[in-house]
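User: I would like to go through the labels used for this model and see what each one rests on. Please set each value against its cut-off.

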Amino acid sequence: MSSLYRLVYTSFRKPHCDQKEIENILNSCKRNNSQNMITGVLLHSNSRFIQYLEGGKDDIRALFNLIKEDPRHTTVNERNFESIKERVFPTWEMGYKDFDRVQFNTVPLKEEEDIFNNIISGDLDFDDNAMRIVQLFFKMA
């Protein structure tokens, strides 16, 4: 098994990517990510996506190659890819937040939800670029 990595990317949501398509993305994540031991969170607004992924190096790279080809978004930019010691979201096949609908859907593990809520509120001061990128998304969304 490869070592543990995280990848953060941003992209622009295409107009045809409606709520039904978002649900399709989440269902696919829940179905496939647990098989590959990938966890993370998907955040989106009406116009943008940011996704934080954790897992084995090769699994993350393979998934990102598929993500880059997805027609529901464009201008996919890798923002962070690095080795990590432990997961931030160990039980989330894919946490999810829709900023425009004020909808939040996560696996209800209290510690992970607390971390995520602290990211959203800006209450945590992270020493790493990946979490700063995620926090910046909340300011821009």
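User: Why is Phe-64 called buried?

Analyst: Phe-64 has a relative accessible area of 3%. Buried means under 20%, exposed over 50% and partly exposed in between, with a 1.4 Å probe and protein chains only, so Phe-64 is buried. Residues are numbered from 1 along each chain as its sequence is written, and side-chain values use heavy atoms, with hydrogens and water left out.

User: What makes Tyr-5 and Phe-81 a stacked pair?

Analyst: Ring centres of Phe, Tyr and Trp (its six-membered ring) must lie within 6.5 Å; planes under 30 degrees apart count as stacked, over 60 as edge-to-face and the rest as tilted. Tyr-5 and Phe-81 are 5.0 Å apart centre to centre with 25° between the planes, hence stacked. The pair joins strand β1 (residues 4–13) to strand β4 (residues 73–83), 76 residues apart. Strands (E, at least two residues) and helices (H or I, at least four) are DSSP runs, numbered from the N terminus.

User: Which burial classes do Tyr-5 and Phe-81 get?

Analyst: Tyr-5 is buried because its relative accessible area is 14%. Phe-81, at 22%, is partly exposed.

User: Why is the pair of Tyr-9 and Phe-64 called tilted?

Analyst: The angle between the planes is 45° and the centres are 5.6 Å apart, so by the angle limits the pair is tilted. Tyr-9 lies in strand β1 and Phe-64 in helix α2, 55 residues apart. Tyr-9 is buried, with a relative accessible area of 3%.

User: How do you know that Arg-61 lies over the face of Phe-81?

Analyst: A charge sits over a ring if NZ of Lys or CZ of Arg is within 6 Å of the ring centre and within 35 degrees of the ring normal. Arg-61 is at 3.9 Å from the ring centre of Phe-81. Arg-48 lies over the face of Phe-12 at 4.7 Å.

User: Which element has the lowest mean pLDDT, and which the highest?

Analyst: Strand β6 (residues 103–105) has the lowest, 44, and helix α2 (residues 57–68) the highest, 96. Over residues 101–108 the pLDDT is below 50. Where pLDDT is low, the predicted coordinates should not be read in detail. The chain averages 79, and 67% of the residues score at least 70.

Notes: This is a predicted model: local features need pLDDT of at least 70, side-chain atom pairs count only at pLDDT 80 or more; totals for chains, interfaces and linings use all residues. pLDDT is the predictor's confidence in each residue, from 0 to 100. Contact means heavy atoms within 4.5 Å.
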